[in-house]
Amino acid sequence: VELTQIVTLEFFLDFTTRFVLAFGAVFELPLFIAFLVLANIVTPKQLLKFGRWATILSFILGAVVTPGPEVTSQIAVSGALIGLYFMSIPIAYLLKPRAKQEAEAPKT
């Protein structure tokens, strides 16, 4: 018995569309975190403490979002999620509201 896989145009377009949409959603993460920081919902220190959970959740999300059983696409999406999450923490430090610092500073 010889098994062959026939790759059709429908399969290829479905795979490509899902992969592009998954990466598109992943690359919105720093923008989403920036909005949360500007709205005072999260702080950069909270983001650092949540880093371990973010790593686990990114692999779970990568497994759900990626099409097909291959592990390489899951690692690619999860790696991008982890990298963008930890890259957004310094951005959160730059964007955090400075109301407390300005209130404590003496006015001259």
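Residues are called buried under 20% relative accessible area, exposed over 50% and partly exposed in between (1.4 Å probe, protein chains only). Helices are DSSP runs of H or I with at least four residues, numbered from the N terminus. The model is predicted: local features need pLDDT of at least 70, side-chain atom pairs count only at pLDDT 80 or more, and totals for chains, interfaces and linings use all residues. Residues are numbered from 1 along each chain as its sequence is written, and side-chain values use heavy atoms, with hydrogens and water left out.

Helix α2 spans residues 29–38. Its buried residues are Leu 29, Pro 30, Ile 33, Ala 34 and Val 37. These lie on the same side of α2, because they cover an arc of only 135° around the axis, taken from the directions from the helix axis to the C-beta atoms. Exposed Phe 32 and Phe 35 sit on the face turned away from the buried side. The cover over the buried residues includes α1 (9–26), α3 (44–49) and α5 (71–95). Asn 40, which follows α2, has a positive phi near 60°.

The largest nonpolar core has 15 residues. Such a core is a set of buried Ala, Val, Leu, Ile, Met, Phe, Trp, Tyr and Cys residues joined through side-chain atoms within 4.5 Å. Its residues with the most contacts are Val 26, Leu 29, Ile 33, Val 37, Leu 47 and Tyr 85. The largest share, seven residues, comes from α5. Leaving aside neighbours within four places in sequence, Leu 47 is in contact (heavy atoms within 4.5 Å) with Ile 33, Val 37, Val 42, Tyr 85, Ile 89 and Ala 92.

Methods. Helix = DSSP H or I, 4+ residues; strand = E, 2+ residues; numbered from the N terminus.
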